[in-house]
Structure formats: C-alpha cells, structure tokens
Amino acid sequence: MANGTMRRTFALIILLFCIFSATASGQHKGTGIVHGGYDLGSDHDYPPFGAVITLCNQGDTLYTVPAHLQFTFKNCKPGRATIKFSHISYENYESEITIKADSVTIVTIKPVLKPMEEIEAAVVKSDRPPKVMVKGDTIIYNAAAVELMEGDDAIEILRNMPGVEVSESGIKIISEDVARTYVDGKLVFGDNVMSALNNLPADDVISIASYREESPFMTGRRHRKERVIDIKTKSKLVAATSGHALASAGCDTDAPHKFRYGAGITSNFFSEDLAFGLNTTLNNINRRSNRFADIASSSLQSQTENRLGYGELSFSKNWVKERYKDMVMLYSYYKYDNNHSSLQKSNTREYLAQDIMTSTGTDRRDSTASHSALVSVRVSKPEFGSLGVSAEGSLEDNYGWNSLVQNSTVSGVRQDATSTTESASARKSLHTQADYGTKEFGNIRGSVRFETDYASGTGYGFRSDVLDAGLSGIEYEDNSSQTKKNGTIRAGLEYYKPFDAGMILLSAAYEYSHVNQSSVRTSMDVTNPLLPLADMVNTYSYSLNYDYHTPSFIANLTKGRTGYSVWLRLQSAHTARTDIIPATVPFNRHFFDVLPSISVSNRGPAGGFSIKYDTSTMLPSDEQWRPYLNNSNPLRLDLGNIDLRPSYTHNLSANRSWLSQSGHFYSFSMDASITQNKIVYSTRYLKEDEYLSDWDYTARSGAALSQWVNGGVDARVKVWGSTSLAVKSIGPSVSIVPGVEYQSSPYQYDSQSYTRQSVAPELMVQANGNFKRKVQYKLDVTNAYCLTKCDELLSAVNKSYNLRVHAAVHYNFYKSLYVKGSYGGTLVTNSTGSLSSFGRNLLNCVLGASFFKKTLDVSVACYDMLGDRSKLASQVTANYVDNSFTNHTSRFITFNIGYKFYHSKSGLKQPASIGLSDGSISE
C-alpha cells in the first residue's frame with residue numbers, strides 16, 4: 001500500500017506542477033487546458049508507457065502518446081468532451097469530462113491491468129501479424145510484422161517484405177519501379193525515392209502502402225500510371241532533421257604499416273516545401289558513405305587502392321498552391337570530388353587450339369578532381385502551362401601514370417614491348433535545357449524542348465616506348481584537345497480523351513539533333529631534342545558531324561487495368577567525317593531506320609503481366625570508324641573501318657508476377673534479343689613479318705592485327721523466376737531466383753567467321769532477417785554454370801563454374817555491445833586448365849558498442865582477415881581463356897567512432913513537450 005500511495009502522490013505532484021506551468025504559458029483566451037495523470041495501485045509492476053490518449057472535443061480528435069506519467073492538451077474548446085485510454089496490457093478506459101474556458105480540467109485515469117493470459121495472447125497474436133494485405137487497389141506492408149533491430153531505418157522493413165526488390169538506386173514492388181515516396185500523403189523527403197526510407201526511423205513507421213497513380217507531372221509522363229509508396233507514421237511527420245558523422249583511424253597490419261583514416265559528416269533537413277543537405281567524406285579505405293553500416297561492409301576492399309574525397313551541398317525550395325499544377329520549384333546543388341587510385345594487374349591469354357600466348361602487366365595510378373553544379377527552376381500554373389529551365393556544368397582535372405609490359409609468344413618465338421605513359425588533362429562541360437508545356441486546350445496540349453551540350457578538354461602527355469630489351473627507347477610528348485557540341489529540339493502534340501474506366505492518348509513528335517565533335521592531337525619524338533620528329537600515328541586532326549531526324553507517333557489505350565501502347569519511330573541519321581591529319585578522303589554516310597514498338601500490360605494491386613517488343617539501332621563510334629592504322633603499340637595493331645554499318649536490335653520482354661493471399665510472391669520473366677550487323681572485333685596473329693600495303697606499314701612477327709567488322713547475328717535469351725517466401729524456421733524472408741541464359745555470338749579469327757554458343761543456368765538464394773532483435777543476418781548465394789563452345793577452335797565443350805557467396809551477421813549482447821561480420825567469396829573453375837581458386841575471399845569483423853539509443857557508436861574493425869592479396873578471374877571469350885590477377889590492398893585495422901541524430905516535427909495536434917514512444921496510434 002505504501003508503494004501505491006507514493007505513486008499517487010508522485011502523480012499529483014506532477015499534475016500540480018503542470019497546472020502551474022500551463023497557467024504561466026500563453027494559453028489562448030477562451031479555451032481550456034486538460035491535464036491528466038495515472039492513479040496506479042500497488043498491484044502495478046510498471047507504468048503504462050506507450051498508451052494512447054485520445055480527446056474527442058466537438059469535432060476535433062486529439063492524440064498523444066505520453067512518454068511519462070502525465071499528459072496535456074492545450075487550446076481545447078469549452079464544452080463536453082470524451083477522454084479515452086488504450087494500451088495492449090490494460091483494459092480500455094473512457095470518460096466524459098467538461099472543459100471550461102480559461103481554466104484547467106484535471107483528469108485522473110485508473111488503469112486496470114488485464115489478466116496475464118489475455119496479455120500473453122495479445123502479445124502472441126501481435127507477434128506475427130500478416131506481413132502484407134491487399135485492400136482494393138492498395139498493397140499494405142505491416143511494419144509490426146517485421147522483427148527489427150534498434151536504430152534501423154525504414155528501408156529495413158521493405159527488405160523483409162515479399163515482392164519487394166531493394167537496390168542502392170531504387171525499389172521495385174511487384175516487378176514495377178517505384179516513382180515516388182510519400183510520407184503520410186506528403187512528399188516530405190522530396191522526389192528521391194530512397195531519401196525517406198534511408199532517413200526515417202523504422203520505429204516511427206506503422207505501415208507502408210503501395211498503389212498505382214496517374215503521373216502528376218504536367219510534362220513528360222502525364223496520364224501514365226506509376227507505382228508509388230506511402231509511409232504511414234505514428235508522428236504524422238511534416239519535417240525532419242537527420243545526420244550522421246563517422247571518423248576512423250588505423251593502420252595496415254602488414255609491413256609497411258600504412259596509416260588508414262576516414263572522416264565524414266552527413267546532415268539533411270527535409271520538409272515538403274524546403275530541403276537542404278550537406279555530405280562530406282575523406283578516407284583511404286574505400287568507404288562510400290558515413291553510415292554505421294559501412295563500417296563492416298565487404299565492399300571496403302576493391303581492385304584499386306583509393307583515396308576518396310567528396311563534398312556536396314544541395315538546396316530545394318517549393319512555393320506550392322496545388323502540387324505539380326500551381327507551383328514554383330527551385331533546386332540546386334554543388335559537388336566536389338577528389339579521388340586517387342592505384343592498380344596492379346596482370347593478364348594471361350591462352351589461345352585455344354593455337355600455339356599463341358600473350359601476357360600483359362599493368363601498373364596504373366590515377367588522380368581526378370572535379371567540380372559540378374546544377375540550378376533548376378520550374379514553374380507550373382494551369383493558366384499558362386509548365387516551364388522548366390536548368391543548367392548543369394562541371395570542371396574536371398585528371399592526372400594519370402601507367403606502365404605497361406606486354407609480350408607475345410607465337411610458335412615458341414617471344415616478342416616484348418614496354419611503355420610508360422604520364423598524362424594530364426582538363427575537361428569542362430555545360431548542359432542546358434528548357435521545356436515548355438502549353439496549357440490544355442480542351443483535350444489537346446503541346447510541348448517543346450530545347451537542349452544543348454558543350455564539352456571541351458585539353459591534355460598533355462609524356463610517353464616512353466621500348467620495343468625490345470636490346471633497342472633504344474623512344475620518347476614522345478603529346479598535346480591534345482577535344483570539343484563536342486550537341487543541340488536538340490523536340491516539339492510534340494498530345495490528345496487525351498477519357499472515357500468510362502479508361503482513356504485514349506495519342507501523341508506525335510518530331511526531334512532534330514545535331515552533334516559536332518572534333519579532336520586534335522600532336523605527338524613529337526623528343527629522343528633527339530635537336531631534331532624532334534612528329535609521330536604521325538598519334539598525330540591527328542579530325543571532325544565528325546551527326547544529324548538525326550526522328551519523327552515518332554504513339555497511341556496509348558487504357559481500359560480498366562489493361563494498357564496497350566504502339567510506338568513508331570522513323571530515324572534518319574547522317575554522318576560526315578573529315579580527317580586533316582593524316583590526310584584521308586572525307587566520307588559521308590546516311591542511314592534510315594524504322595523502329596516500331598508495341599506493348600501490352602495488365603497491372604492489378606497484387607500483380608499482373610506485361611509484354612513488350614521494341615527495336616533500337618546503334619551507330620559505330622568515331623574510334624571504330626577511324627580511317628587509319630594505330631600502331632602505337634607494335635604488338636597490338638588497330639585498324640579503322642569506315643565501311644561499318646549500324647547494328648539493328650529486336651528486343652522482346654515479358655513478365656508475370658503476383659502476390660498470393662498467403663503473402664508469398666512469385667514472378668516469371670523473359671528477355672530476348674536479336675542483333676543484326678553485330679559489330680565485333682576481328683583479330684589475326686602474325687607468325688612472321690608482314691607488309692600491310694593499304695597502310696604502308698610492316699607488321700612484326702607476333703603482333704596482333706585487329707579491326708572492328710560487322711559480324712553475323714547475335715542472339716540472347718534469358719528466362720528466370722523469382723519467389724519470396726516467409727520461412728519461420730530460418731527467419732522472415734527468403735528469395736529464390738532460378739534462371740538460364742542462352743547466347744549465340746558471332747566473332748572472327750584469321751579472317752574466318754565463327755559462332756560462340758553458351759548455355760548458363762544460374763540459381764540465387766537470398767535470406768535476411770533477425771531473431772528477437774538480437775541477431776540480424778543476410779545471406780546471398782549465387783551458383784552460375786556455363787557451357788561454351790566456339791566452332792572449330794575448341795575440341796571440346798568448355799565448362800566453367802562460378803560460386804559467389806556474401807554473408808553478413810550482426811549480433812547484439814549485453815544491451816550495448818555488438819559483433820558484426822561480413823564475408824564475400826568467389827570460387828572459379830574452368831575445364832580448359834587447372835584453375836580453381838577463391839577469386840575473392842574476404843572477411844571483415846567489427847566489435848563495437850552503441851550508446852544513447854544507438855546514437856553513439858564506438859568500434860574496432862579488422863579488414864581482410866583472411867589475407868587475400870590478389871584476385872583471380874577466369875573468362876572464356878571467343879577463342880581464348882583470359883586469366884586476370886589483380887592485387888588488393890593489405891590487411892588493416894581501424895578504430896571508429898560515429899554519432900547520428902534524428903529530430904522530427906510531428907503533425908499530431910499535441911503539445912510539443914510531449915514526446916512519442918513506440919506505441920501505435922489509432923485514427
């Protein structure tokens with residue numbers, strides 16, 4: 001009884017203190033205040049934290065979730081009102097009260113504890129609610145059905161849901177890309193799909209709804225259905241400030257003991273009409289962001305040893321009356337990159353059924369510094385239409401150093417060549433765009449878009465070549481400049497006609513684009529400074545012009561959930577090339593293509609199907625069209641080919657996916673393509689010296705003579721399935737993705753045409769989840785098996801097997817302590833040789849502690865504990881096996897300290913002094 005008396009006394013003291021504070025505060029005249037507290041008896045072991053208090057007051061419904069033993073409602077209308085109390089462990093409570101103007105109404109709630117069997121039954125029932133529900137045309141993902149770790153972001157909820165594919169750049173739901181992410185029906189985090197999911201705490205999420213809506217944009221995608229998600233929060237979020245800082249210091253455990261460091265800060269403010277962000281990082285451990293999760297990531301090891309520096313400032317402001325229709329939007333950013341990298345790599349090629357082997361060693365160092373900025377303004381008003389103007393520019397400086405050692409052995413005769421290159425370049429670019437969409441005249445609307453691109457660059461280089469050990473070296477100084485200008489204008493007209501349960505959309509457009517690019521390079525032999533000679537192979541000056549005329553016609557019919565689309569493009573392309581040095585005959589080419597496309601789709605709330613056929617064409621590049629011989633590497637001769645024709649590709653894709661009533665997701669997909677006039681690389685190895693009369697050049701024995709040519713037909717077919725299951729025995733989410741790919745590719749060797757055929761079945765298994773908020777795991781296993789045959793060059797079918805494994809575990813113990821581990825491995829085998837090696841065998845581990853509700857993190861991390869120093873990759877190409885060995889960075893250890901914060905502004909009608917707990921809110 002003494003304990004109960006003390007509780008009641010404590011509650012009354014708090015109430016009296018609140019009454020005094022409220023009387024002194026700025027209460028609106030004529031309104032009342034409601035103060036409440038709990039009268040707890042001696043049989044209560046704990047207060048009812050997380051309860052929901054509801055006040056129904058003359059049409060207003062106010063909510064609060066008291067974080068302490070008292071609650072307050074201010075500015076309440078005088079008159080009769082109803083106060084309600086609800087909690088999972090207590091009986092519901094309801095009482096009528098009378099609120100008086102300019103006075104305080106005191107409410108005392110006496111919670112009655114439910115019988116223990118009812119509490120346990122409620123806990124068991126709520127422990128496994130359905131993960132996904134379908135209501136009408138909406139899929140609802142229940143956040144309470146996912147077991148989450150403390151401090152998780154909202155993205156972890158979707159990772160555990162069936163039918164959801166999560167990547168770094170976006171999300172797919174029921175095989176559809178998500179276009180926008182709303183929070184309580186508002187674009188609080190802007191148009192970036194991932195911003196809300198990566199910044200919103202998971203414990204503030206009630207559910208995530210997904211549905212399809214018509215695109216709201218007045219230009220571009222209007223009248224087209226897009227999939228979106230809407231995150232329902234407990235706080236009814238209207239603004240949020242988030243950020244995290246991470247610092248690391250350590251050294252290599254292998255000699256020499258290189259110092260390792262990393263530091264970065266990320267800070268963002270989000271609201272529907274104002275947002276800005278700051279993101280900076282500097283490190284030499286390949287870390288890509290400042291998130292705590294990156295501390296244990298296996299991606300910290302790569303083929304190159306990098307030093308990364310990055311900074312970004314972004315700002316956006318909206319003046320909105322009606323979203324997308326009556327608004328002014330300003331968006332801008334500035335980015336700075338400063339990256340340094342080094343790479344040591346060697347390649348060995350063994351040519352099948354030939355007495356040829358080549359070996360190449362590379363030691364490369366690169367440095368890049370760049371600045372980029374964007375300013376974009378858009379005005380949308382129904383009375384005059386939509387106008388958008390943007391400008392984006394960048395400046396970039398590059399430095400590179402490269403050492404190349406190459407040898408070829410043909411019929412037992414070995415030839416060697418070495419070269420060292422040092423270069424520096426500067427590049428600048430500017431992209432501008434202006435588009436205008438007219439207001440609607442009945443059901444007709446027009447649009448026009450102007451777009452320009454300008455890029456230029458200058459470079460300086462120094463090159464040293466040694467052909468054989470017994471020959472003297474040759475040194476060159478290079479200077480170069482390039483410019484590229486592009487202008488595009490597009491005009492279009494749309495007709496939109498809605499009818500019962502559907503619509504018709506007809507559009508016609510014409511687009512003209514002109515591209516001009518020119519390049520100049522001078523290369524001088526400075527071995528004899530008194531008599532410098534021009535290297536005519538690497539001294540050139542040319543210009544290349546492209547003109548594209550593209551009329552297009554589109555017809556869309558939507559009836560119910562089924563959509564039909566027919567698209568016809570007519571593309572006329574003209575190219576003209578003029579080479580001044582070396583002097584060649586100018587050439588002109590003209591191409592005309594008919595590019596049809598047709599699609600049918602049916603998208604319901606829990607699945608659907610789509611079938612699409614389209615076509616595309618690709619012109620040869622300026623390097624492939626080069627009309628002269630490049631013999632800068634005497635063992636690797638490249639011939640240009642001005643007779644190349646564009647490739648023409650037919651694509652066919654299909655998808656069928658659905659979400660079952662039990663919450664399992666199934667999907668079947670197919671992609672097929674046929675490419676005519678496939679541009680392939682033709683290679684011929686010389687077993688003796690040969691004079692090339694067309695180029696007036698004598699090629700050495702052991703040299704490879706290569707040229708781009710139009711081969712035969714390239715065909716590819718890939719079929720795969722996907723299923724997401726909830727398996728109770730191992731956790732909340734398992735995905736199984738089986739598939740098979742067939743490819744038939746043309747290639748040429750010794751002026752003969754051949755076909756490479758391969759069949760590659762693959763099986764991927766993914767699982768992720770956690771047990772009781774203590775153990776979180778992620779597992780990704782992929783098996784790939786490939787059968788390859790190259791006509792007449794392989795005496796037997798080549799068999800290769802590739803196993804990729806990625807696993808991550810996070811274990812919490814003693815409340816604050818945790819252990820993380822991340823493993824990545826690749827097993828490669830090949831029947832053409834005795835290749836069997838883990839190409840990537842990486843294990844990273846972290847021991848750390850989190851304090852203050854996961855806001856402060858202190859850890860020690862060990863990287864590459866298995867000590868792999870090189871990566872082996874084996875690949876079977878058209879007529880050879882390519883084995884690549886790449887050195888990795890050494891083992892290292894770091895001490896890390898991180899801090900993150902999150903503050904939100906709630907849209908609930910409650911006092912700002914009352915915080916929200918993890919309890920749910922009813923509406």
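I looked up Asn677 and found that, at 24% relative accessibility, Asn677 counts as partly exposed, where buried means under 20% relative accessible area, exposed over 50%, and partly exposed in between, with a 1.4 Å probe and protein chains only. Asn677 sits in the loop between strand 34 (665-676) and strand 35 (679-685); strands (E, at least two residues) and helices (H or I, at least four) are DSSP runs, numbered from the N terminus. I noted that phi of Asn677 is near 55 degrees, a positive value in a residue other than glycine.

I then turned to Lys236, a residue other than glycine with a positive phi, near 50 degrees. Lys236 is found in the loop between strand 14 (225-233) and strand 15 (237-252), and Lys236 counts as buried at 15% relative accessibility.

**Basis of the entries**

I am working from a predicted model, in which local features need pLDDT of at least 70 and side-chain atom pairs count only at pLDDT 80 or more, while totals for chains, interfaces and linings use all residues. Residues are numbered from 1 along each chain as its sequence is written, and side-chain values use heavy atoms, with hydrogens and water left out.

**The chain as a whole**

I recorded 4 helices and 49 strands in the chain, and buried residues make up 44% of its 923 residues. Of the contacts (heavy atoms within 4.5 Å) with a separation of 6 or more, 64% are accounted for by residues 24 or more positions apart.

**Phe276**

I found Phe276 in strand 17 (residues 274-283), where Phe276 counts as partly exposed at 42% relative accessibility. Not counting residues up to four places away in sequence, Phe276 touches Ser267, Asn268, Phe269, Ser314 and Phe315.

I looked up Ser565, which is found in strand 28 (residues 562-581) and counts as buried at 16% relative accessibility. The side chains of Ser565 and Asn556 are joined by a polar contact of 3.0 Å; such a contact is a pair of N or O atoms within 3.5 Å, where within protein one must be able to donate a hydrogen and the other to accept it, and residues adjacent in sequence count only if both atoms are side-chain atoms. Leaving aside residues up to four places away in sequence, Ser565 touches Ile554, Ala555, Asn556, Ser597, Ile598 and Ser599.

The peptide bond from Ile581 to Pro582 is cis, with omega near -10 degrees, and I placed Pro582 in the loop between strand 28 and strand 29 (587-604).

**Salt bridges**

Side chains of opposite charge can pair when their charged atoms come close. I counted as a salt bridge a side-chain nitrogen of Lys or Arg within 4 Å of a carboxyl oxygen of Asp or Glu, and by this rule the count comes to 23.

In the salt bridge of Arg626 and Glu623, at 2.9 Å, N to O, Arg626 counts as buried at 4% relative accessibility, whereas Glu623 is partly exposed at 40%. Arg684 pairs with Glu690, the closest N and O atoms being 3.1 Å apart, and here Arg684 is partly exposed at 24%, while Glu690 is partly exposed at 28%.

I also noted a network of salt bridges that links Arg463, Asp478, Arg521 and Asp535.

**The second largest pocket**

Which residues lie nearest the centre of the second largest pocket? I found Asn402, Thr421, Arg463, Asp478 and Arg521 there, among the 35 residues of the lining; Arg463, Asp478 and Arg521 also belong to the salt-bridge network above. A pocket here is an open set of points on a 1 Å grid over the protein atoms alone, where a 1.4 Å probe fits, with protein on both sides within 12 Å along at least five of seven lines, and lining residues have an atom within 4 Å of a point.

By class, I recorded 10 nonpolar, 18 polar and 7 charged residues in this lining.

Note on methods
Ala, Val, Leu, Ile, Met, Phe, Trp, Tyr, Cys and Pro count as nonpolar, Asp, Glu, Lys and Arg as charged, and the others, Gly among them, as polar.
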